[in-house]
Amino acid sequence: MASELSPWTTQWMSLFNLFTTIAFIVGAVVFGFMIFTILRYRYKEGRSEPSDAPQPGTVPKDRGKPLLLFALSMTTLTIISTLVIGTFGAFDFLLNPPIKAPEDENALVIEVIGFQWNWRFKYPNGVETVGELVVPANKVIIFKVTSIDVKHKLGIPDFKIGVDAIPGYDNEIWLQPMKEGEYWIRCYELCGVGHALMAAKMKVVSESEFESWLESMSGGG
Ligand SMILES: [Cu+2]
């Protein structure tokens, strides 16, 4: 399940479920009421108009039901503010890593550089890879994302994250992968003829596997 991949994915899923649930309820009420009125008030031979129905040539009488209007407005306000607050809360969560790098050694900062057409990853000890990102599970990974040519966007679909890669800027996003495995990294911004092939792999491995991988990459032994 996507919801167990990372703390952010859990947050994302609950926001998604909130939106979907509310959409279903609102949809059911709107369509239910529409179908009811279509059937209940359809044209029938001999049925007379209600006494307060608007008549041609006269100003329609006020048929408002202030209490109902008030109740519906409050319902709408409640729904919209719940979604707005939920969305901004989620953004706040995504954009603020739970621990500060580089002071905290439990965070791993990785520089991500987009180019036409792949991704380069730079580790704190100078190791660089292209097209393959290896990270330890359960650690907080902080990505500093930029580009050296045109605009790209780093996207990891399984983890529901995406952040712009813009030349001259460092954008930050964090991830705490909880499950070992291989995941796709894509480019989310149309960036030229190679855009569709601009994919890299993210391998989430155990802490010890990561350490030995990093050591083998840095030429040590
Ligand atoms: Cu791209």
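1. Starting with the handedness: helix 1 and helix 2 cross in a left-handed sense. Bear in mind throughout that this is a predicted model.

2. On the geometry of that pair, the axes of helix 1 (residues 7–40) and helix 2 (residues 66–95) come within 10 Å and cross at roughly 165°. Angles over 145 degrees count as roughly antiparallel, and helix 1 and helix 2 are therefore roughly antiparallel to each other.

3. Who makes the contact? From helix 1, the residues are Trp 8, Gln 11, Trp 12, Leu 15, Leu 18, Phe 19 and Ile 22. Helix 2 brings Ile 79, Leu 83, Gly 86, Thr 87, Ala 90, Phe 93 and Leu 94. By type, the contact residues split into 11 nonpolar and 3 polar, with no charged ones.

4. A word on helix 1 by itself. Its 34 residues span 49 Å from the first C-alpha to the last, close to the 50 Å expected at 1.5 Å a residue.

5. Elsewhere, have a look at Ala 165, which sits in strand 7 (residues 161–165). Is Ala 165 buried or exposed? The cut-off for buried is 20 or more C-beta neighbours within 10 Å; Ala 165 has 28 inside that distance, so it counts as buried.

6. As for what surrounds it, Ala 165 touches Gly 114, Val 145, Thr 146, Ser 147, Lys 151, His 152, Lys 153 and Leu 154, leaving aside residues up to four places away in sequence. Take Val 145, one of these: it is 20 residues from Ala 165 along the chain, yet their C-alpha atoms are separated by 5.4 Å.

Methods: Residues numbered from 1 in each chain as written. Predicted model: local features only at pLDDT ≥ 70, side-chain atom pairs only at ≥ 80, totals over all residues. Axes fitted to C-alpha atoms, helices over the stretch in contact; angles between N-to-C directions. Helix = DSSP H or I, 4+ residues; strand = E, 2+ residues; numbered from the N terminus. Parallel < 35°, antiparallel > 145°, perpendicular 65-115°, else oblique. Left-handed = near helix turned anticlockwise from the far one by under 90°. Contact = placed C-beta atoms within 7 Å. Nonpolar A, V, L, I, M, F, W, Y, C, P; charged D, E, K, R; others polar. Buried ≥ 20, exposed ≤ 12 C-beta atoms within 10 Å, placed from the backbone. Expected span 1.5 Å × (residues − 1).
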